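Hello,

Here is the structure for you to look over. Please open it before you read on; my notes follow below.

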Amino acid sequence: MLVLGVETSCDETSVAVMADGAIVSLRIASQAPLHSATGGVVPETAARRHLEVIREQTEQALLEAGLTARDLDAVAYTRGPGLLGCLLVGSSFSQGLAMSLGIPAVGVNHVLAHIHAAFIDQDAIFPLLALVVSGGHTSLYRFSAPIMAELIGETRDDAAGEALDKVARLLGLGYPGGAALEQLAASEPTEAWQFPRVRLSGGRPDFSFSGVKTAARQAIAAGAKPAAVACGFQQAVVSQLVETTCQALLASDRMLVVGGGVSANQALRRAFQERVRSRPVLFAPLRLCSDNAAMIGRLGWEMLLAGIKTPLGTAASSRLDTLT
Ligand code: KG4
Ligand code: ZN
């Protein structure tokens, strides 16, 4: 089955051609340079840029795959969550394309798709525990099957990537700053600034990063060395992600899967590998950690196999918290 994947939830316009869940071609047009001037994504600017480039991205993806739109069997697009104006560009384009070709369209949950990025080239064994750690989300899911997932914990305030971006901005590292903060933390051997280790009580494996972000702001104001702040803050974020996730692991979980933009972080990967020895830890491949249409095409393909389609006119949803 040939599926066109379309992702426009935030600041990447991405289109992929997928054959039975495998990547044939993948285009990712990042808007990061456009948003670095404002230090964050301006929703309307982002939506307008999606509109400007989505058609060309689609034509290029098809060209690189050696196919035409007539060869496609279905279109899978991000239905939510995300910035509504951005989602509307991708969903309207995808529904219109599917209608003109007489093929089905399927609207996909972006957060769950981050986990499916790890399933494209690697075998998953269910049930499994999955952590999505990105600029917009920090959420734990238990997957009993590829399209059966239950949310079991999430951040109560900032997402991990959002907190990393804010501290990176305070350190003058630009936007988005997660990767630059990782580089600064690794650049000079220095004593890491000690930040509090947050462990929330209440039974649910939830996360919180706003307190430690404030502590970083105070450390910077107090004149702490930037590399020491970067190193200590990253350690505090990684430690909370790893420990809370490990607490949520059940004996029945066959593996742990980690996806989302922050899962590109090498310190996070090392910490999970060292801490979780009892079962395999699967990470999304580096090029598929950040937003991309391959993960959307992959989850859309699984949904289509299960007979799920999204009727024309179904609204995009900025707060989508279900599969469809
Ligand atoms: O998944 P993603 O592309 O977008 C969302 O769905 O949010 O994630 C973007 C986030 C940003 O916060 C960015 O700073 C972070 O992923 N990120 C990283 C690294 N690379 C990207 N954070 C830490 N270390 C990295 N190497
Ligand atoms: Zn994302």
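Start with H110 and ligand 1. A polar side-chain atom of H110 lies 3.4 Å from an oxygen atom of ligand 1. Bear in mind that this is a predicted model.

Two other contacts go with that one. The side chain of E182 has an N or O atom 2.8 Å from a nitrogen atom of ligand 1. V262 uses its backbone instead: a polar atom there is 3.5 Å from an oxygen atom of ligand 1. On its own, ligand 1 has 560 Å² of accessible area, and the protein covers 87% of that.

Where does ligand 1 sit? It is in the largest pocket. The shell around ligand 1 holds 20 residues. G135, G136, D165, G178 and E182 are the closest of them. Three helices each give at least two residues to this shell: α4 (110-116), α5 (160-170) and α6 (178-187).

Next, the cysteines. How many disulfides are there? The count comes to zero. The cut-off is a pair of cysteine sulfur atoms within 2.5 Å. For C86, the nearest cysteine sulfur belongs to C10 and is 6.5 Å away, so C86 is in no disulfide. C289 is in none either: its nearest cysteine sulfur, again that of C10, is 16 Å away.

Are C86 and C289 buried or exposed? C86 is buried, because its relative accessible area is 0%, and the cut-off for buried is under 20%. C289 also counts as buried, at 1% relative accessibility.

Now the backbone. Please look at these spots:

- G80 to P81: this peptide bond is cis, with omega near -10 degrees. P81 lies in the loop between β4 (74-80) and α3 (84-101).
- F126 to P127: a cis peptide bond joins this pair as well, and omega is about 0 degrees. P127 is in the loop between α4 and β6 (128-133).
- D20: phi is positive, about 45 degrees, although D20 is not a glycine. The loop between β2 (12-19) and β3 (22-30) holds D20. D20 counts as partly exposed because its relative accessibility is 46%, and that class runs between 20% and 50%.

Best wishes

How values were computed: Residues are numbered from 1 along each chain as its sequence is written. Chains are lettered from A and ligands numbered from 1 in the order in which they are written. This is a predicted model: local features need pLDDT of at least 70, side-chain atom pairs count only at pLDDT 80 or more; totals for chains, interfaces and linings use all residues. Side-chain values use heavy atoms; hydrogens and water are left out. Buried means under 20% relative accessible area, exposed over 50%, partly exposed in between (1.4 Å probe, protein chains only). A residue is near a molecule or strand if one of its heavy atoms lies within 4 Å of it. A polar contact is a pair of N or O atoms within 3.5 Å; within protein, one must be able to donate a hydrogen and the other to accept it, and residues adjacent in sequence count only if both atoms are side-chain atoms. Accessible areas come from the Shrake-Rupley method with a 1.4 Å probe; for residues, only the protein chains shown count as cover. On a 1 Å grid over the protein atoms alone, a cavity is a set of points where a 1.4 Å probe fits but cannot get out, and a pocket is an open set with protein on both sides within 12 Å along at least five of seven lines; lining residues have an atom within 4 Å of a point. A molecule sits in a cavity or pocket if more than half of its atoms lie within 2 Å of its grid points. Helices (H or I, at least four residues) and strands (E, at least two) are DSSP runs, numbered from the N terminus.
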